[in-house]
Amino acid sequence: MTARLFPNSQWRRLAAALVGVAVLGGCGQGARSADKPDRLVTLPDGRELNLRCTGSGTPTVLLESGYGAGAFAWGKVQPRLSRTTRVCAYDRASYGFSPPGPIPRDGAAIARDIDAALDAAGESGPFVLVGHSAGGLYVRLLAARRPNEVAGLVLVDPSVEQIVPSTLDGLNGIRRRLARCRGAAEANPPPPNDDPAWAACGAGARRDALVWDNRLSELDSIFSRTSMQVGRLGELLADVPLYVLTASDTAQAAPTIGLDKPQSVLELQHLRIALSSRRGFQRTVLSSHLLMNDRPEVVTEAVLAMVEATRSKTKPPPLSPSETTAGPDAPAFPDAPR
């Protein structure tokens, strides 16, 4: 079991940075960014997942979004990657064009869904798995299901597995927002589109109470069931090459350790995750938590390094040195080329 490593007050602040920002930036973003699904793949229980695959070549890159975001959260990264290889993003159950699934919506259920969807879609390995935020937990669980097919992992400002009581996890504000959305969805009749009840639910909010039950269950599982599942992996993924990208803004929201040269505890936690692989590297990048939006070129570079290493059957190179601010007046992150 994974223990909680931060004091309560510091944990609440960091959890809000890791999960809350993803919700604000991602909930609804891309959830209805297309008029129709790309490809609905049928799961063994009859449900469907919407896959958005582009490009060609091997290995196939699978993009797993953070909490609150669908496939189009990778809108700045997927086109860049698909120039070189095949890339698939998807809508988890209850997101975008994918219907809700059975509860609990923990990491094991999420990994099981996409595992089955890849088989149903005929997508074969090797795979490079990329996960943002809570998606970093989910792709590690998926990798454990396919240890012989996963050639590399890239974790983009990933959530760290921690066991935290729901009363202390800092996510109650998000829970209340989701509960309001659920209440609006089950009202009979439901409020009109311009009703304030939908204000916090994101563009194109789903009028299905089961959707919001799914998202509440997923949120409640991140620092409980899902974290325990990841904690039980042990050294199962030790031979899978691993890159961990840390966002500077999120690192700064975490407590620090050390007197002479204080270091973010989150950076140390991300380094610990990287060193769980025999070929793992961590890099801090000037960015907000939504690193794939702010610095898509950095994410693309890391993923393509894994792709090239897989093709050449060589070890992936170390990541570039971490970025640091130039001073108190430096911007939070540089302008990224588009």
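How are α3 and α4 oriented to each other? I opened the predicted model to find out.

**Entry 1: α3 and α4**

I took helix α3, residues 107-121, and helix α4, residues 135-145. Their axes come within 9 Å and cross at roughly 60 degrees. An angle of 65 to 115 would count as roughly perpendicular, and under 35 as roughly parallel. I therefore put α3 and α4 down as oblique to each other. Next I looked up the hand. The crossing of α3 past α4 is right-handed.

Then I listed who touches whom. From α3 the contact takes G107, A108, I110, A111, R112, I114 and D115. From α4 it takes Y138, L141, L142 and R145. I sorted the residues of this contact of α3 with α4 by type: seven are nonpolar, one is polar and three are charged.

**Entry 2: α5 and α6**

I moved on to helix α5, residues 172-186, and helix α6, residues 209-231. Here the axes come within 8 Å, and the crossing angle is roughly 165 degrees. Over 145 counts as roughly antiparallel. So I recorded α5 and α6 as roughly antiparallel to each other. I checked the hand again. α5 passes α6 in a left-handed crossing.

Which residues of α5 and α6 meet? On α5 I found I174, R175, L178, C181, R182, A185 and E186. On α6 their partners are A209, W212, D213, R215, L216, L219 and D220. By type, the contact of α5 with α6 has eight nonpolar and six charged residues, and no polar ones.

Definitions and conventions: Residues are numbered from 1 along each chain as its sequence is written. This is a predicted model: local features need pLDDT of at least 70, side-chain atom pairs count only at pLDDT 80 or more; totals for chains, interfaces and linings use all residues. Side-chain values use heavy atoms; hydrogens and water are left out. Axes are lines fitted to C-alpha atoms, for helices over the stretch in contact, and angles run from 0 to 180 degrees between N-to-C directions. Helices (H or I, at least four residues) and strands (E, at least two) are DSSP runs, numbered from the N terminus. A crossing is left-handed if the near helix is turned anticlockwise from the far one by less than a right angle, and right-handed if clockwise. Contact means heavy atoms within 4.5 Å. Ala, Val, Leu, Ile, Met, Phe, Trp, Tyr, Cys and Pro count as nonpolar, Asp, Glu, Lys and Arg as charged, and the others, Gly among them, as polar.
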